[in-house]
Amino acid sequence: MLNRQIPLSPNETWSDADGGLPVSAPESAEAVVVDQFVAATGRLVWAIRESFVRYVTLIARGEYTIAGGVTEGEDGQFAFPLRRAVQEGDDWRLSFGGSVHFVAHHGLLDVLIVDPELVVGPGGGVLATHVRGDADELIAMVVTDAASPEFSRKELVWQEVPTKLATAGAELLGNVYPKGTDMASLGIRVQLDA
Ligand code: HEM
């Protein structure tokens, strides 16, 4: 389904993912299925939040594991491989694969970011994570600023898209950071002709 709204967690809608930022969810815009003419290469690069990763590994002495094609840069950025890109009007729906799983405090802290889904456009965006065991559920992690890609040499590039913690994302992180907390910015690349 191309025009479906991104299903956020049961308590969230597009408009309250951030408490008011007008994130559009086009219902009827003509959909362009980009993966008909785009090799599915590309990636989402996201460091989540530097202090969170530091907390888990150094303070809580827990660990994180990456799987499903996620790679980790020296700069603490996690790169999730692109699975699917769909353009709907000025908005993009980008599906990524792979996971980063944080565990600490003997499993009391258990944060899984898996197969993230991003919808982003001129009205803002939402980055959501799937959950294990329920293919339909998505948890909105962060909302993003409005962002449109730069197009160069058959590549779409979103550089440093600012993000803020969404309500459900705050819950996922134990309600320690308030909703609206600055999180790491997103970097996205989609190769159109690989
Ligand atoms: C035994 C249970 C836990 C203990 C004793 C504990 C203890 C702490 C302490 C002492 C800090 C402050 C660290 C510092 O800044 O120096 C902290 C921060 C934090 N905790 Fe926990 N915690 C526990 C469970 C959890 C759980 C279940 C979560 C859920 C994901 C969580 C998420 C966080 C986050 C997000 C921070 C802020 C990290 C940052 O950005 O600085 N904690 N915790």
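V111 is buried, because 20 other C-beta atoms lie within 10 Å of its own; a residue counts as buried with 20 or more such neighbours, as exposed with 12 or fewer, and as partly exposed in between, with C-beta atoms placed from the backbone. V111 lies in strand 8; helices (H or I, at least four residues) and strands (E, at least two) are DSSP runs numbered from the N terminus. Leaving aside neighbours within four places in sequence, V111 is in contact with F102, L172 and L173, where contact requires C-beta atoms, placed from the backbone, within 7 Å.

The structure is a predicted model, in which local features need pLDDT of at least 70 and side-chain atom pairs count only at pLDDT 80 or more, while totals for chains, interfaces and linings use all residues. Residues are numbered from 1 along each chain as its sequence is written.

Strand 8 leads on to its partner, strand 6. These two strands pair in the antiparallel sense over four bridges, pairing being assigned where DSSP finds at least two bridges between two strands. Within this pair, L94 has L118 in strand 8 as its bridge partner. Strand 6 (residues 91–96) is mostly covered, five of its six residues being buried. Strand 6 also pairs with strand 5 (residues 78–88), again in the antiparallel sense, over six bridges. In that pairing, E88 stands opposite D91 in strand 6. Strands 5 and 6 form a hairpin with two residues between them, and G89 in the turn has a positive phi of about 60 degrees.

Strand 5 contains L82. L82 is buried because 23 other C-beta atoms lie within 10 Å. L82 and R43 are 39 residues apart in sequence, yet their C-alpha atoms are 4.9 Å apart in space. T71, in contrast, is found in strand 4 (residues 71–72) and counts as partly exposed because it has 13 C-beta neighbours inside 10 Å. The C-alpha atoms of T71 and P81, 10 residues apart along the chain, are separated by 8.6 Å.

Most residues other than glycine have a negative phi. K154, however, has a positive phi of about 60 degrees although it is not a glycine. K154 is found in the loop between strand 11 (150–152) and strand 12 (155–165), and counts as exposed because it has 11 C-beta neighbours inside 10 Å. N175, likewise not a glycine, has a positive phi of about 55 degrees. The loop that holds N175 runs between helix 2 (167–172) and strand 13 (182–191), and N175 counts as exposed because it has 10 C-beta neighbours inside 10 Å.

Now for the protein as a whole. There are two helices and 13 strands, and buried residues make up 38% of the 194 residues. Of the contacts with a separation of 6 or more, 61% are between residues 24 or more positions apart. The largest nonpolar core has 44 residues, and those with the most contacts inside it are L44, L94, A140, M141 and A166. Strand 10 (residues 134–144) gives the most to this core, with six residues. Such a core is a set of buried Ala, Val, Leu, Ile, Met, Phe, Trp, Tyr and Cys residues joined through C-beta atoms within 7 Å.

Finally, the predictor's confidence in each residue is given by pLDDT, from 0 to 100. The protein averages a pLDDT of 84, and 78% of the residues score at least 70. Over residues 34–39 the pLDDT is below 50, and this stretch has 11 contacts in the model beyond near neighbours in sequence. Where pLDDT is low, the predicted coordinates should not be read in detail.

Methods
Two residues are in contact if their C-beta atoms, placed from the backbone, lie within 7 Å.
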